[in-house]
4 protein chains.
Amino acid sequence: MDARQSYAATSRRELTKAQNRDAILAAARLVFAELGFAGATVRDIIRATPLASGTFYNYFKSKEEVYQALRDELALAVRPRLREARLSATSAEEFFVGAFRALFQFVTETETAPERFRMDSPQVLAGFAELRQDIEAAMARGLLPVTDAALLSAALIGVGFELAEQVKAGAGAEEMTRFATALFLGGIGALPKS
Amino acid sequence: MDARQSYAATSRRELTKAQNRDAILAAARLVFAELGFAGATVRDIIRATPLASGTFYNYFKSKEEVYQALRDELALAVRPRLREARLSATSAEEFFVGAFRALFQFVTETETAPERFRMDSPQVLAGFAELRQDIEAAMARGLLPVTDAALLSAALIGVGFELAEQVKAGAGAEEMTRFATALFLGGIGALPKS
Amino acid sequence: MDARQSYAATSRRELTKAQNRDAILAAARLVFAELGFAGATVRDIIRATPLASGTFYNYFKSKEEVYQALRDELALAVRPRLREARLSATSAEEFFVGAFRALFQFVTETETAPERFRMDSPQVLAGFAELRQDIEAAMARGLLPVTDAALLSAALIGVGFELAEQVKAGAGAEEMTRFATALFLGGIGALPKS
Amino acid sequence: MDARQSYAATSRRELTKAQNRDAILAAARLVFAELGFAGATVRDIIRATPLASGTFYNYFKSKEEVYQALRDELALAVRPRLREARLSATSAEEFFVGAFRALFQFVTETETAPERFRMDSPQVLAGFAELRQDIEAAMARGLLPVTDAALLSAALIGVGFELAEQVKAGAGAEEMTRFATALFLGGIGALPKS
DNA sequence: TATGAATGAGGCTTCATTCAT
DNA sequence: AATGAATGAAGCCTCATTCAT
């Protein structure tokens with residue numbers, strides 16, 4: 001690579017740097033989603049990019065690190081949206097509609113969203129903790145009836161993740177939002193007749 | 001099996017054999033729960049027993065095989081109980097109480113019950129299919145209001161698994177049953193005040 | 001096993017002892033012939049008998065030992081016959097006819113005779129050395145023309161083993177004897193027209 | 001390939017690659033020769049090189065594969081030479097001289113040539129079949145007297161391999177060629193006096 | 001910085017052999 | 001002596017990571 005090329009090369013290289021990182025993250029998303037963390041190999045990931053195996057380590061120190069980056073990326077993207085929706089609610093209905101809609105829309109946007117994998121990651125657990133705090137706050141504000149916040153939180157998470165799977169499988173985010181909201185507001189009697 | 005027979009029929013050898021198999025299964029339960037299928041190694045499993053590495057293969061042909069055995073064992077144990085509870089219900093309340101109680105009691109009895117990982121195993125999927133059939137049948141019988149059975153099924157699964165985690169963490173099966181049932185029958189307004 | 005049976009059992013056991021040893025040897029013959037020493041496993045051998053794996057070690061200290069026993073058995077059986085045939089020869093023709101016939105008949109009798117495997121075993125090498133001595137003696141006696149005994153010996157061995165394969169594949173011992181003898185006595189011009 | 005190109009085309013990297021592959025093949029040749037296929041371990045092979053265990057698998061997918069490569073390499077190298085020698089013969093003497101000389105010279109050149117082990121590989125069997133065809137063709141052309149081609153072929157193979165061992169042990173290729181040729185042309189009476 | 005071969009720890013599994021019954 | 005499960009060394013191979021180019 002001679003001197004004449006170096007300037008152009010430098011800027012192209014910077015572009016490439018960001019692109020490479022993204023390429024690896026994108027590939028990792030797919031691979032982890034399909035095989036899980038332990039089942040996926042770094043080779044699987046780089047094979048899904050045009051890069052060489054060594055290049056992987058220019059961007060991430062280890063397999064563990066991409067995994068973290070990926071989860072952080074996801075959690076950092078959803079958590080504020082969920083938070084926002086819950087905090088701005090002025091009624092129980094708004095609380096549920098807002099939270100579920102934010103979740104399901106996120107799932108619709110991101111191909112490989114809230115995975116079932118590794119629900120014990122720090123970011124995910126932090127998200128759960130936030131949910132519980134928000135529920136407690138909503139109870140305090142009189143938005144939600146007072147009950148065991150931990151259990152209500154768990155129920156929301158269960159229904160949220162399970163219906164998110166339906167969204168991933170093609171169901172409409174709005175429809176899922178309506179269903180989940182109705183269930184939490186009034187139980188089976190309130191569910192949309194279909 | 002009376003005393004005279006028990007010695008001959010269950011020689012020390014056979015006893016050990018059964019104990020070893022159980023020891024491996026128990027260890028596998030723990031290890032798979034902690035690390036997932038791909039993350040777990042056969043060494044991890046045998047290290048959690050007093051046995052030697054080769055002994056593992058006297059009982060199971062491969063890591064896959066213990067995993068299957070574990071799955072089948074669990075699913076075969078819960079599925080009939082859940083089924084029975086749902087089929088014998090004569091009201092919506094009985095339907096939910098029966099099903100949730102069966103699940104949570106099973107979790108209480110079995111130390112390491114319904115894992116969150118690998119919900120895609122044949123036995124588990126079959127259990128999900130059964131649930132949906134039973135819901136449809138209950139709707140037909142007029143027990144449950146008519147709504148999207150797939151979604152109601154998903155919601156039940158989500159809440160069931162999530163509260164099962166609470167049970168594993170020490171919550172009472174009866175309390176969880178009451179909470180979940182109340183939620184499905186009447187939504188948040190019906191939840192026990194706590 | 002009570003006292004009444006013990007006498008009969010004792011003699012039956014002795015019978016069994018010899019039978020077991022033979023059963024193992026017979027099985028080993030087949031297995032080694034098919035898989036070679038390293039490729040064969042003790043399990044392969046005992047699976048070809050009605051015995052249990054541990055029993056193997058009541059008769060042979062190791063896999064190596066059966067292998068030795070087998071080879072010794074074979075070599076001890078052929079070597080005297082070959083020797084006898086060569087020493088009693090009074091002409092070149094008798095020398096070759098006698099030696100080849102002894103070899104090919106032995107192959108016919110024993111299903112799994114002179115294997116191609118492990119030609120470097122002590123017993124086999126001893127047999128080769130004997131052949132060479134006998135050739136030298138025959139040269140000294142004027143039976144065979146004087147030439148390099150080592151090479152003639154090698155040629156005999158090569159032809160002998162190769163035609164023995166034909167015998168194992170179904171060719172007649174007499175026909176092979178005629179062919180080999182003719183070749184050594186007069187070269188291709190002397191071979192039987194066919 | 002001129003000097004300017006050679007540096008670029010054969011980078012140190014590529015050179016090493018070729019060298020490593022050769023190192024593995026050479027080691028495998030020795031190890032298989034000594035222990036046979038089943039007896040040899042991949043560890044044995046890499047221990048005979050300065051490489052690491054994993055490196056083996058950068059060059060060959062399995063133990064089977066090196067073995068095949070070795071076989072093919074040898075057979076592909078000798079077979080055409082043997083063929084050529086036999087097909088161009090215009091007399092029985094040329095037939096034998098040509099074929100034996102080609103074989104023994106090959107053995108001289110290649111350190112670890114025609115092994116005695118595993119004569120049943122496809123390539124080796126193909127070589128045997130070729131020999132037989134050539135013999136039949138030579139009979140048809142009147143070069144060789146008509147006799148059982150399979151048996152003559154077997155005898156040639158036996159003598160060829162056995163004397164090849166002598167060559168490997170230090171005997172001269174020409175001397176072995178003379179000996180073998182004389183034997184096939186005229187039997188023991190025609191052998192060189194020594 | 002990109003490359004891709006080299007590395008070697010570690011995974012799964014087989015098997016000769018031992019040993020309690 | 002016969003049995004067959006237990007043992008653990010050792011085999012084959014994969015893979016995260018390093019390193020020379």
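In the predicted model, the contact between chain A and chain B takes 33 residues from chain A and 34 residues from chain B. On the side of chain A that touches chain B, at least two residues are supplied by each of helix H1 (3-39), H7 and H8 of chain A, and the greatest contribution is that of H7(A), with 10 residues. Sorted by class, this side of chain A comprises 21 nonpolar, 9 polar and 3 charged residues.

Two of these helices of chain A also pack against each other. Helix H7 (residues 149-168) of chain A and helix H8 (residues 173-186) of chain A lie with their axes 10 Å apart and at an angle of about 155°. Because angles over 145 degrees count as roughly antiparallel, H7(A) and H8(A) are therefore roughly antiparallel to each other. The crossing in which H7(A) passes H8(A) is right-handed. From H7(A), the residues A:Val159, A:Leu163, A:Gln166 and A:Val167 meet A:Ala173, A:Met176, A:Ala180 and A:Leu183 of H8(A); the residues of this contact divide into 7 nonpolar, 1 polar and no charged.

Turning to the other pair of chains, 35 residues of chain D are in contact with 34 residues of chain C. The side of chain D that touches chain C draws at least two residues from each of helix H2 (12-39), helix H8 (149-168) and helix H9 (173-186) of chain D, and H8(D) gives the most, with 10 residues. By class, 22 nonpolar, 9 polar and 4 charged residues make up this side of chain D.

The residues of the surface near DNA strand E divide into 8 nonpolar, 21 polar and 8 charged, whereas the side of chain A that touches chain B has 21 nonpolar, 9 polar and 3 charged residues, and the side of chain D that touches chain C has 22 nonpolar, 9 polar and 4 charged residues.

Terms used: Residues are numbered from 1 along each chain as its sequence is written. Chains are lettered from A and ligands numbered from 1 in the order in which they are written. This is a predicted model: local features need pLDDT of at least 70, side-chain atom pairs count only at pLDDT 80 or more; totals for chains, interfaces and linings use all residues. Ala, Val, Leu, Ile, Met, Phe, Trp, Tyr, Cys and Pro count as nonpolar, Asp, Glu, Lys and Arg as charged, and the others, Gly among them, as polar. Axes are lines fitted to C-alpha atoms, for helices over the stretch in contact, and angles run from 0 to 180 degrees between N-to-C directions. Helices (H or I, at least four residues) and strands (E, at least two) are DSSP runs, numbered from the N terminus. Angles under 35 degrees count as roughly parallel, over 145 as roughly antiparallel, 65 to 115 as roughly perpendicular and the rest as oblique. A crossing is left-handed if the near helix is turned anticlockwise from the far one by less than a right angle, and right-handed if clockwise. Two residues are in contact if their C-beta atoms, placed from the backbone, lie within 7 Å.
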